[in-house]
Amino acid sequence: KHDLVAAVDEAVNTAKNQIAQATSPDEVTEATQTGEANIAAVSDDAKLQAAKNDGIAKLDEAKNTTIAQITESGLSADRQNALINAVNEAHDTAVDKVTADTTIAQANQDTTDGVNAINSIA
């Protein structure tokens with residue numbers, strides 16, 4: 001969060017400086033548009049990170065719920081361990097995918113796919 005706020009502050013200050021140094025209305029317009037675009041890019045990054053954070057939280061919840069179901073299942077210890085290992089692997093794979101995603105749509109889809117993969121183990 002701190003890094004995103006700093007990035008917005010930097011974009012605003014850069015735009016203000018470029019506007020102040022402008023020598024024509026066209027330069028003012030260009031500096032304003034560039035500043036707005038830079039701020040929008042930071043906003044998009046923040047929204048993507050929020051989607052990733054939400055996705056990872058959902059994956060963590062699915063993992064914890066599924067592991068609880070497995071440990072309460074009455075299955076043998078060996079079978080429980082095998083299933084818990086499968087849950088952990090599915091969780092880690094899904095988290096890696098969500099972390100690497102570059103769009104909100106990808107993060108949402110990888111979250112859904114990961115939750116389904118984890119839930120299917122139960």
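Which residues are buried in α2? Keep that in mind as you go through these views. This is a predicted model, where local features need pLDDT of at least 70 and side-chain atom pairs count only at pLDDT 80 or more, while totals for chains, interfaces and linings use all residues. Residues are numbered from 1 along each chain as its sequence is written, and side-chain values use heavy atoms, with hydrogens and water left out.

**View 1. Helix α2, end to end.**

**View 2. The buried side of the story.** Here's the answer: A31, G35, V42, L48, A51, K52, G55, L59, A62, T66, I67 and I70 are buried in α2 (under 20% relative accessible area, 1.4 Å probe, protein chains only). Their cover includes α1 (2–21), α3 (77–100) and α4 (104–121).

**View 3. The largest nonpolar core.** This core (buried Ala, Val, Leu, Ile, Met, Phe, Trp, Tyr and Cys residues joined through side-chain atoms within 4.5 Å) has 15 residues, and L59, I70, V87 and I118 have the most contacts inside it. Two or more residues come from each of α2, α3 and α4, with α3 giving the most, 7 residues.

**View 4. Around I70.** Not counting residues up to four places away in sequence, I70 touches Q80, L83, I84, V87 and I121 (contact means heavy atoms within 4.5 Å).

**View 5. N64, out in the open.** N64 sits in helix α2 and counts as exposed because its relative accessibility is 51% (the cut-off is over 50%).

Key. Helix = DSSP H or I, 4+ residues; strand = E, 2+ residues; numbered from the N terminus.
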